[in-house]
Each structure stands twice: as structure tokens, then as C-alpha cells.
Amino acid sequence: MTNYTLQASREWWSQRWLDLLDSYRFKKRLERARNYSRQGNVLSIEFKGAKVLARVQGSEVEPYKVSLSLEPFSDEEWGYVIETMSKKAIFAAKLLAGEMPQNIEEVFTANGLSLFPFTLSDVRSKCSCPDKANPCKHVGAVYYQLGDRFSEDPFVLFKLRGRSKEQIINDLRLLRSAKIEVSPTETSADIQQPITNNQSTIKLDSFWQYNQPLDSSLVVIAPSASETVLDVLGAIPLAKDEENVLNITSADVVMKYLETVYQDVRQKAVLAAMNVGEG
């Protein structure tokens with residue numbers, strides 16, 4: 001299989017781990033480490049807490065001892081992470097299904113943490129071989145093997161940060177079940193309390209009465225709709241147009257026009273009054 005095919009078949013979190021190793025500038029050493037991993041030179045890998053212990057067969061008869069670890073998160077930090085996870089059901093559902101949520105890193109960054117190491121220097125590694133370079137090809141072989149382990153079990157990455165699969169799942173279940181139990185009680189209390197207070201304070205006989213002066217900005221004096229200034233002044237004394245076949249006087253035409261203008265002005269005046277005091 002080509003490197004491209006291998007990358008396409010890996011889970012994104014596994015490839016993210018291997019990309020960190022591939023950024024190492026000593027490419028020949030990485031090639032030897034990759035060959036060690038493929039040829040079965042990594043004899044065993046086991047976890048001791050958050051530390052990885054491995055045995056890698058080198059050129060000597062006795063296998064070399066390799067240790068590898070990340071900075072584990074404290075109990076308090078994991079508490080914040082689990083609390084954030086519990087707020088989104090998708091995280092719990094995917095992790096229970098053995099999948100790593102695509103945006104899982106957001107949970108950690110929201111709490112000032114990083115699930116993945118930023119550089120190789122963030123990974124603590126040690127090998128019993130005489131090679132002073134770090135990572136040596138034996139440590140590199142273990143790196144590659146862990147990438148395969150991540151594809152099989154994403155919780156291996158969490159284990160390097162100090163939490164096992166069982167601990168994470170149990171904590172998630174406890175938090176989610178606690179929220180389900182507390183929620184109905186709080187909702188019931190919130191609904192009942194206002195009803196009790198309203199029953200003791202509302203007085204039906206004076207409910208519609210208000211004896212305080214109104215805010216002047218809320219008072220709008222609208223002109224009468226039944227009588228206008230045009231009604232008071234009466235018809236305009238204009239001469240009758242004899243040629244008008246409908247027998248409508250010029251005064252009637254002008255009055256009709258003025259009434260239309262007046263109605264429009266009155267409406268705008270009311271709207272302007274109602275907007276008094278607004279920014």
C-alpha cells in the first residue's frame with residue numbers, strides 16, 4: 001500500500017498523531033523507525049497508568065526498553081472536560097460507539113487544554129539504546145505502533161492524558177443522569193412559586209383602576225374624528241361652474257381636496273405624537 005492509501009484508511013485522530021512524527025526533520029531515521037514498526041520489531045506495548053512501556057528488538061540480542069508519555073491532565077482539568085462533554089449528547093454517543101468526535105479538540109481548548117501534543121518535545125520518551133538522539137528509531141517505531149492503536153481504540157489517546165475509557169464513560173453517565181433527575185424538580189418549583197405569589201397579591205375589585213398621573217410622553221391628544229376645522233369654517237365661497245355636467249361646484253372640489261390633505265396631516269400628527277421621547 002502507498003503512503004497515500006495508508007493515510008486515507010486511517011482515522012483522522014490517528015493520522016494527526018503520525019503527522020506530528022512525520023514533521024521530524026531526520027527523515028532517514030523515521031524511515032528506519034517505520035520499517036521497525038512494519039517488520040514486527042516492537043515486541044510488546046503496555047500501559048502503566050498514563051505511561052507507555054514497550055520492548056523493541058534492535059541490533060542487539062536483548063530488546064531495548066522504551067518509555068513514552070504525555071503530560072497527564074489533573075483530576076480538576078478532567079472534571080471540566082467531562083462536564084463540557086456532557087453538555088453535548090453527540091460527544092457521548094460517538095465515544096460510546098468507539099468513535100472520536102470530529103470536533104473533540106474544542107472540548108479541550110474550551111478548558112485551556114490540548115488533547116494532542118503540539119510538538120515532539122511535548123512527548124516524553126526514553127530508550128535504553130546507546131543512541132543519544134531522541135527520538136531514536138526504537139522510540140519512532142513505538143510512535144508508529146501507537147498510531148495503529150489509536151485507529152483501533154481512540155480511548156488510547158485519552159489514556160495518555162490520564163483517563164481510561166471506563167472512567168470517561170462512567171463520569172459521562174453520572175453527569176447526564178444527575179441532570180435528568182434534577183431538572184424536573186427545579187422546573188416544578190419554578191412553575192409553582194409564581195402562582196402562589198400571584199394569588200395572594202392580585203385584588204380583583206381594583207385591578208382595572210389606576211389613580212396615578214400618566215407619563216406625559218405617553219399621552220397623545222388626537223383630533224376629533226367627527227368634526228374638523230373644515231366643518232367649522234363651512235363651504236368656501238367660490239363661484240359655481242356652469243359647465244360641470246355633474247353639477248359639482250368648485251367649492252365642493254376644493255373642500256374634498258382639503259379634507260384629504262387634512263386627514264393625511266392628522267394621521268401624521270398622531271404618529272409623531274406617539275413617537276415623542278423615542279431615541
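This is a predicted model: local features need pLDDT of at least 70, side-chain atom pairs count only at pLDDT 80 or more; totals for chains, interfaces and linings use all residues.
Strands β3 (residues 64–69) and β4 run antiparallel and are joined by four bridges. Within this pairing, Ser-69 has Arg-124 of β4 as its bridge partner. The side chains of β4, which spans residues 124–127, alternate between two faces.

Over the whole structure, eight aromatic pairs were found. One of the ring pairs is formed by Phe-155 and Phe-158, with ring centres 5.8 Å apart and planes at 65°. Because an angle over 60 degrees counts as edge-to-face, the pair of Phe-155 and Phe-158 is assigned to that class. Both residues belong to helix α8 (residues 155–160), where they are three residues apart, about one turn of the helix. The cut-off for a buried residue is under 20% relative accessible area. Phe-155, at 2% relative accessibility, is therefore buried, and Phe-158, at 0%, is likewise buried. Phe-155 and Phe-158 are also members of a cluster linked by ring pairs, together with Phe-73, Trp-78 and Phe-108.

Charged side chains also sit over aromatic rings. The charged end of Arg-16 is placed over the ring of Phe-116, at 4.6 Å from the ring centre. For Lys-159, the charged end lies over the ring of Phe-47, and the distance to the ring centre is 4.8 Å.

Methods. Residues are numbered from 1 along each chain as its sequence is written. Side-chain values use heavy atoms; hydrogens and water are left out. Buried means under 20% relative accessible area, exposed over 50%, partly exposed in between (1.4 Å probe, protein chains only). Two strands pair if DSSP finds at least two bridges between them. Rings of Phe, Tyr and Trp (its six-membered ring) pair if their centres lie within 6.5 Å; planes under 30 degrees apart count as stacked, over 60 as edge-to-face and the rest as tilted. A charge sits over a ring if NZ of Lys or CZ of Arg is within 6 Å of the ring centre and within 35 degrees of the ring normal.
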